[in-house]
Amino acid sequence: MNRTKYDVVVVGGSLSGLLTAREIGSRSSISVKVIEADHEIGTPEHCGGLVSLSGLRKLGIVPSSRSFRNYITRAKIYSKSASFVVDARLQDVVAIDRRELDKQIAFQAQKLGVEIATMCSMKTVSVGPKPGETRDNNFEDGYTFGVHTVEGTVYCKYFVDARGLSSLISRHRTGILPSGQYEVFAPWIDPDTVELYFDSDKYPGFFAWIIPLGENKAKIGVAGKDINIVNSINSFLESKGSSYSISRKIYAPIYISGPIRNFIDGHRSLIVGDAAGQTKPTTAGGILSSGMGGLLAGRAIVNAIEAGDDSFLGNYPNEWHSLFGFEFKKLMLARKVFEHLDNKALDEIFSTVSQSTLSRISQNAEFDFHSAPLSLILNAKSTSRIVKGLLESKLRKAQ
Ligand SMILES: Cc1cc2nc3c(=O)[nH]c(=O)nc-3n(C[C@H](O)[C@H](O)[C@H](O)COP(=O)(O)OP(=O)(O)OC[C@H]3O[C@@H](n4cnc5c(N)ncnc54)[C@H](O)[C@@H]3O)c2cc1C
């Protein structure tokens with residue numbers, strides 16, 4: 001590690017950190033370094049990779065032939081004994097290879113002059129004097145942070161925490177669920193249909209999923225409160241058919257409790273992506289919302305540095321909340337209702353979703369903003385009656 005001073009250091013070289021760095025790198029006058037603990041950008045890949053092409057465009061990404069995996073045209077949603085199908089052809093949903101996508105963003109950033117160090121884990125960060133405070137000899141004028149890594153210390157004026165859930169967990173947040181996802185080859189995989197399986201006994205608070213990748217391959221996973229992930233995913237696979245072959249297993253937590261209160265953590269210190277809880281409370285999807293967190297933080301830092309005015313940093317939380325705040329509030333509400341539904345209620349709701357509701361969802365829904373289709377289902381008269389009845393009976397039992 002030769003150079004030791006940068007305007008900005010981003011810790012975490014995955015989606016959100018790389019997008020922060022790419023935005024800052026677009027200004028040649030601002031120096032930025034990304035510090036990544038793993039030996040390779042994009043590794044280990046834990047993401048399902050489900051996102052819309054329009055979501056990726058908002059992040060300034062057109063998937064390359066290496067990062068694109070598959071087009072998704074339908075979603076089939078199951079409860080224990082009912083199901084419904086959503087036609088997703090208008091939603092432009094794709095499965096992408098996150099390892100390759102992250103490398104693609106890293107390359108965009110590198111071409112702009114961003115430095116990336118892999119196998120360079122941050123151990124701690126220390127904070128130097130604020131403007132006007134007594135100067136500590138370890139910090140040169142204006143360099144606010146000392147980022148201590150396994151390769152030595154780098155100093156920077158702005159610090160970005162993009163360490164994903166490992167950062168969030170260290171802040172003692174609740175809302176983390178265990179999950180497992182296998183890459184599977186099997187003849188029974190529907191080539192272009194995402195399948196979600198709800199079962200309040202087997203996957204409490206979440207579901208099992210199949211994301212097809214083409215050529216009879218899929219990412220198959222489960223998550224749920226207090227469940228044994230290995231047993232759950234094995235019995236899910238057995239339930240689908242005896243013939244399958246697993247090429248990869250990954251276990252990673254997911255987060256479902258909404259954004260943290262402050263994306264700006266003190267003077268010139270910003271938190272982005274999963275580290276800031278920017279994943280959807282319903283599906284834990286975060287490619288767009290976490291990625292956008294990184295991108296907006298990068299833009300806010302550029303504006304603050306160019307104007308010499310740190311109040312521009314406030315644009316980052318403001319703009320993120322204006323894009324996702326209301327949507328996430330509605331998703332949190334939907335999650336609260338969902339957590340009370342037992343299998344009987346899920347069966348009743350799933351069997352009463354009408355064709356007209358499904359065609360309205362297919363025609364109008366945006367994949368990355370799914371509170372609207374959820375509201376259509378939850379606000380249907382039959383569903384409201386079921387949910388109301390269930391909540392009343394729970395209240396009676398609790399009294
Ligand atoms: C099982 C699973 C399936 C998912 N499927 C989908 C999906 O289909 N669609 C979707 O939209 N979203 C999905 N997500 C969510 C999505 O993967 C995340 O929202 C996204 O990866 C967040 O990116 P991030 O950069 O904020 O964090 P992360 O991708 O978690 O990256 C954090 C980075 O920080 C690095 N790091 C951590 N600590 C340090 C340190 N001390 N020093 C240096 N580097 C460090 C890590 O090595 C890592 O590279 C899924 C998540 C999981 C777990």
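Strands β12 (residues 176-185) and β15 pair in the antiparallel sense over 7 bridges, where pairing takes at least two DSSP bridges between two strands. Helices here are DSSP runs of H or I with at least four residues, strands are E runs of at least two, and both are numbered from the N terminus. This is a predicted model, in which local features need pLDDT of at least 70 and side-chain atom pairs count only at pLDDT 80 or more, while totals for chains, interfaces and linings use all residues. Residues are numbered from 1 along each chain as its sequence is written, and side-chain values use heavy atoms, with hydrogens and water left out.

**Around strand β15**
- β15 (residues 217-223) is largely enclosed by the rest of the structure, because 6 of its 7 residues are buried. Buried means under 20% relative accessible area, exposed means over 50%, and partly exposed is in between (1.4 Å probe, protein chains only).

**Around the ligand**
- The shell has 32 residues, and Ser14, Ser16, Glu36, Gly48 and Asp274 come nearest; to be near, a residue needs a heavy atom within 4 Å.
- The side chain of serine 16 puts an N or O atom 2.8 Å from a ligand oxygen.
- The protein covers 88% of the 1000 Å² of accessible area that the ligand has on its own (Shrake-Rupley method, 1.4 Å probe; for residues, only the protein chains shown count as cover).
- Helix α1 (15-25), strand β16 (245-255) and helix α6 (287-307) are the elements giving two or more residues to the shell.
- By class, the shell has 12 nonpolar, 15 polar and 5 charged residues. Nonpolar here is Ala, Val, Leu, Ile, Met, Phe, Trp, Tyr, Cys and Pro, charged is Asp, Glu, Lys and Arg, and the others, Gly among them, are polar.
- The ligand lies between domain 1 (5-61 + 97-170 + 258-329) and domain 2 (176-255), because both give residues to its shell; the domain bounds come from an automatic or database assignment.

**Strand β2**
- β2 (residues 32-35) is covered on both faces, with Val32 and Val34 buried on one side and Lys33 and Ile35 buried on the other.
- β1 and β2 pair in the parallel sense over 4 bridges, with valine 10 opposite valine 34.

- Most residues other than glycine have a negative phi, and most peptide bonds are trans.
- Threonine 43 and proline 44 are joined by a cis peptide bond, with omega about -10 degrees; proline 44 is in the loop between β2 and β3 (50-52).
- Glutamate 215 is not a glycine, yet has a positive phi of about 55 degrees. This residue sits in the loop between β14 and β15 and is exposed at 67% relative accessible area.
- Aspartate 226, also not a glycine, has a positive phi of about 50 degrees. Its place is the loop between β15 and α5 (229-240), where aspartate 226 is exposed at 78%.

Conventions:
Polar contact = N/O pair within 3.5 Å; in protein donor to acceptor, adjacent residues only side chain to side chain.
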